[in-house]
Amino acid sequence: MIHPNFDRVVVKRDAKPEEVKEGLIYRPGTTIARPTTGTVLAVGDGCTELRVGDRIQFEHFAGYTVEVDGEELDILRETEIVGVLQED
């Protein structure tokens with residue numbers, strides 16, 4: 001695992017939803033928007049509002065992607081996170 005510095009957080013994005021729309025042809029390899037929700041896996045020491053395990057919503061082009069132990073993770077600044085999702 002990677003430990004972020006300062007106000008950064010490590011996030012695992014949610015899986016891409018499988019969408020099938022009637023009358024449309026899906027071509028593998030075409031651009032599909034990546035989810036903008038995920039789960040916080042680690043928080044930096046300067047992060048004040050988030051905890052490990054929080055489900056969050058973040059900006060579409062926020063942060064950058066790294067590969068750790070064969071898994072794609074995103075590193076975001078706390079300010080790029082729009083909010084924490086509440087469970088019903």
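1. For the record, a salt bridge here is a side-chain nitrogen of Lys or Arg within 4 Å of a carboxyl oxygen of Asp or Glu. The two partners come from distant parts of the chain, with aspartate 74 in strand S5 and arginine 13 in strand S1, 61 residues apart. Strands are DSSP runs of E of at least two residues, numbered from the N terminus.

2. Some housekeeping: this is a predicted model, where local features need pLDDT of at least 70 and side-chain atom pairs count only at pLDDT 80 or more, while totals for chains, interfaces and linings use all residues. Residues are numbered from 1 along each chain as its sequence is written, and side-chain values use heavy atoms, with hydrogens and water left out.

3. The cut-offs are under 20% relative accessible area for buried, over 50% for exposed, and partly exposed in between (1.4 Å probe, protein chains only).

4. The structure has 4 salt bridges. Among them is glutamate 71 with lysine 12, at 3.2 Å from N to O. Glutamate 71 sits in strand S5 and lysine 12 in strand S1, so this pair ties together parts 59 residues apart in sequence. Glutamate 71 is partly exposed at 32%, and lysine 12 is partly exposed at 35%.

5. Another one is aspartate 7 with arginine 77, whose closest N and O atoms are 3.3 Å apart. Here aspartate 7 is in the segment before strand S1 (8–13) and arginine 77 is in strand S5 (residues 71–77), a separation of 70 residues. Arginine 77 comes out as partly exposed, at 36% relative accessibility.

6. Now for aspartate 54, in the loop between strand S2 (37–43) and strand S3 (55–58).

7. Leaving out residues up to four places away in sequence, aspartate 54 touches Gly38, Thr39, Val40, Glu49 and Val84, where contact means heavy atoms within 4.5 Å.

Note on methods
Helix = DSSP H or I, 4+ residues; strand = E, 2+ residues; numbered from the N terminus.
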